Amino acid sequence: MIRKCFLCEESTEKVFSTTWVLPGLLPTEIGFSICPKCGSVCQSPSVDFDDMMAFYSSIAVYTNPGRQELPSTAKIRDLDEQIQFIKRGIGNLPNSVLQIGSSDGYTLSRFRDAGIARVLGVEPGAASVSLAKRLYQVNCIHGSAETFETNENFELILMTHVLEHLYNPQTTLSKCYRMQQKVTEGFIYIEVPLMAKASSLCPGFFSFEHINYYTRDNLLKSLTDVGYSPVSVLEHFNSNLSPVIGILASTKVQHHYSEYQSCYVDNKQILLEYRQKEISYWQGCLDALLPNLSKSQRVFLWGAGIHTSQLVTNTNLLEIVKINGLTDTSPLKWGINQGDWLCQSPKDINWKIGDYVIISSYASEKEIFIALSWLRDIGVVTLCLHNRDI
Ligand SMILES: [Zn+2]
């Protein structure tokens, strides 16, 4: 589908696109486009809303192997900061908080521990709703940002890493603003990946699941357009995989930031530079593995999902190496096709000496590599594509 600008609804201009081969979906053209009026970048052409929802509910897996349902140390650190940042920005912690996209409930459990009496989540994933209840006794409305309803008033609304996924993010922000009209002063805290200069962006930054891209300027605009007044901003470039930005905004009218200026020229440059960097990055990673791969009898790809799609899309892998299969530890993915391959359980493959496995996940490369010691014990070679810190 072709999307209009998520901020000003202008028709967008395509900068680049490729064919993605995704698990459970037909090959799809996915591209990234820019708004000629305001300069905002969005995914367009994009997969249809229904296909995206099918992807989320069937095969998107957000828990990494080996953590036993515990928050990562980075997550704990981020929450320490987020709570202090909000407390400083408001002057005190409010009495009630609603989190849209509450995931496993950890974030709300931390706000409750910090002293907020009333916490409530909104979460579309049924598994996450029960996880939040079981792990942290956090209650959630089972619903999406677009459809949930509540008559309760909340002084603080949290939306971390949600807006970049929504087909109509401004509709959800407006809904939040309306919901806070009965409180004396309402606050919202938004956090999203930050579209910084191309040199600051990790491989895969322009991704399948992220359909809206935010800079500091257009995130401020997205809040002021619906009525909020931003009061505090935080930005980090090196703390997480990709740069992040958080903004705290109030329902009380204030004027701390200048009028929005279009960022068309700068943002288009970011997209073009990123695309060049992305192609040479993935191909460079693959080229570094080739001397090893030439000794292989059979080659398997580890992981049915986005990184496999990126590896296939951004390199000449299929022209130079015969891929014998695709495997993944998640039972949700077994029996699902991705491109020409059927994803199998690793236990169903008759592994032999001379078999090679390519691990292509950028974010979880190390965890996957460590978890595959059993394959190395039986003579299978496990190669890390990115080779980041092993
Ligand atoms: Zn626009």
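Me: Which residue just after helix 3 takes a positive phi?

Reply: Keep in mind that this is a predicted model. Go to the stretch just after helix 3 and check phi there: the value is positive, about 120°. The residue is Gly115.

Me: And helix 3 itself, what do its buried residues pack against?

Reply: Helix 3 covers residues 106-113, and its buried residues include Tyr106, Leu108 and Phe111. Thr107 and Arg110 are buried too. Their packing partners are helix 2 (73-90), strand 4, strand 5 (118-123), helix 4 (126-136) and strand 7.

Me: Strands 4 and 7 are both in there. Which residue of strand 7 is the bridge partner of Gln99?

Reply: Strand 4 spans residues 96-100 and runs parallel to strand 7, residues 156-160, with three bridges joining them. Gln99 has its bridge partner in strand 7, and that's Leu158.

Me: Zooming out to the open sheet of seven strands, which ones stand at the edges?

Reply: The order is 6-5-4-7-8-11-10, with mixed pairing. The strands at the edges have a single partner strand each, so one side of each has no neighbour in the sheet. From one strand to the next, the twist averages 15°. The edge strands are strand 6 (140-142) and strand 10 (229-236).

Me: Last one: which residues in strands 13 and 16 pair up with Trp302?

Reply: Strand 12 (residues 298-302) runs parallel to strand 16 (residues 355-359), joined by five bridges. Strand 12 also runs parallel to strand 13 (residues 325-327), with three bridges. For Trp302, the bridge partner in strand 13 is Thr327, and opposite Trp302 in strand 16 stands Ile359.

Notes:
Residues numbered from 1 in each chain as written. Predicted model: local features only at pLDDT ≥ 70, side-chain atom pairs only at ≥ 80, totals over all residues. Pairing = 2+ DSSP bridges. Helix = DSSP H or I, 4+ residues; strand = E, 2+ residues; numbered from the N terminus. Axes fitted to C-alpha atoms, helices over the stretch in contact; angles between N-to-C directions. Buried ≥ 20, exposed ≤ 12 C-beta atoms within 10 Å, placed from the backbone. Contact = placed C-beta atoms within 7 Å.
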